Amino acid sequence: MKAVVYRGPRDVAVETDLPEPAVEHARDAVVRVTRSAICGSDLHPYRGEIPGFAPGTILGHEFVGVVVDAGAEVPYPPGTRVVASDVIACGRCATCAKGWHYHCAHATLFGYSTVVGRAVAGGQSEYVRVPFADTVLYPCPDELDDERMLFVGDLLSTAWAAVEACAAPGATVGVVGAGALGQLAAMCAAAAGASRVVVADPDPARRAGVEALGFAAVEPALLASTLGEAQAVIEAVGSDAALACAVDSAGRRGTVVAVGAHSSAAMPLHTQRAFTRELTLRFVVGDPIRDRASVVALLRSGAVDPRAVVSDRLPLADADAGYRDFDRRRSLKVLLIP
Ligand SMILES: NC(=O)c1ccc[n+]([C@@H]2O[C@H](COP(=O)([O-])OP(=O)(O)OC[C@H]3O[C@@H](n4cnc5c(N)ncnc54)[C@H](O)[C@@H]3O)[C@@H](O)[C@H]2O)c1
Ligand SMILES: [Zn+2]
Ligand SMILES: [Zn+2]
């Protein structure tokens, strides 16, 4: 079996002689992957930002495919087209019942070593074993193709959750970061009825991409003055500088949602500004298990089409080049086709 294997910082390789996964438990399914993607979160181990990320990890937490084998407790027979949630959770505990899947005692991410929970091989692969498949998988409606459904498993559900956490209809919304996540957040904010959306990114090519989608784009230093009084600012980068920009750009009683992946132990926060403006600061992790039905409805409505952010479609065998170009921001969103 072919899959993308992490070997160390800036070193991923497509290995071709890996063993095919099998059903090991009544709640497991094995999925033949038809499309997977490289997420901005995959750049963190790729860039060596996650010490201890295990060499040998099969990467990837965004994928869609077809069930080829399923345990007795999985309601999806072979042949069912499915999307997987990037977050794996048991779906049966009190924490899952509250809708807090990322905080389930069994929670982990596909293809992310032991960063969140136990290691589970990822989806940048020909086949993947899905634990708790009755909870983690979701059947794809016939009218939505693989490329749209792929985004339900992470990025679009995450963008949706960020917007749900802060933006009311009629709001002025700022977005810090014009990667695929920031661009999808802008699209979701518009779909949710924002009156104005402005996106900030230091990269002129990324800003041009935002403008092509019909949104205003500025350098980060100009976001606050361009927005005026923003009710909501979504930070979709995952750095102290980006979060500081978001806090700086929120208006009176505004909400800042940090949806970029953060890892600082401490950062300077302009508390005077936060206090005098009575800001709310929230951190949000996407939860496709909780939000996928709403996100599928959004896709069905046609209000958001995530294929707009796809820049590259590569054979799985060329994943190495995909990572390289994504790391250098030559690619916005890379899909891998096994
Ligand atoms: N919370 C979640 O559940 C979740 C889910 C998916 C991704 N993420 C995280 O979201 C972040 C973005 O993901 P992506 O796929 O869009 O990644 P990406 O790397 O493609 O995009 C990041 C963008 O931020 C821009 N940027 C860098 N510094 C900036 C600054 N100071 N101000 C404004 N923009 C700046 C870059 O130019 C780039 O366009 C990553 O940290 C990723 O780990 C979080
Ligand atoms: Zn991700
Ligand atoms: Zn649980």
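Student: From which domains does the shell around ligand 1 draw at least three residues each?

Tutor: The shell draws at least three residues from each of domain 1 (3-154 + 288-337) and domain 2 (158-283), where the domain bounds come from an automatic or database domain assignment. This is a predicted model, in which local features need pLDDT of at least 70 and side-chain atom pairs count only at pLDDT 80 or more, while totals for chains, interfaces and linings use all residues. Residues are numbered from 1 along each chain as its sequence is written, and chains are lettered from A and ligands numbered from 1 in the order in which they are written.

Student: What makes a residue part of that shell, and how many residues surround ligand 1?

Tutor: A residue is near the ligand if its C-beta atom, placed from the backbone, lies within 6 Å of it, and 35 residues surround ligand 1, the closest being G40, G179, L181, G238 and A261. Two or more residues each come from α1 (40-46), α5 (155-164), α6 (180-191) and α9 (240-249), with helices being DSSP runs of H or I of at least four residues and strands runs of E of at least two, numbered from the N terminus. The largest share, four residues, belongs to α1.

Student: Which kinds of residue make up the shell around ligand 1?

Tutor: There are 19 nonpolar, eleven polar and five charged residues, where Ala, Val, Leu, Ile, Met, Phe, Trp, Tyr, Cys and Pro count as nonpolar, Asp, Glu, Lys and Arg as charged, and the others, Gly among them, as polar.

Student: How many residues of domain 1 are in contact with domain 2?

Tutor: With contact meaning that two C-beta atoms, placed from the backbone, lie within 7 Å, 16 residues of domain 1 are in contact with 16 residues of domain 2. On the domain 1 side, α1 and α11 (288-301) give two or more residues each, and the largest share, four residues, comes from α11. The C-alpha centres of the two domains lie 26 Å apart.

Student: Why are β16 and β17 said to pair?

Tutor: Pairing requires at least two bridges found by DSSP, and four bridges join β16 (residues 312-315) to β17 (residues 334-337), which run parallel. D312 stands opposite V334 in β17.
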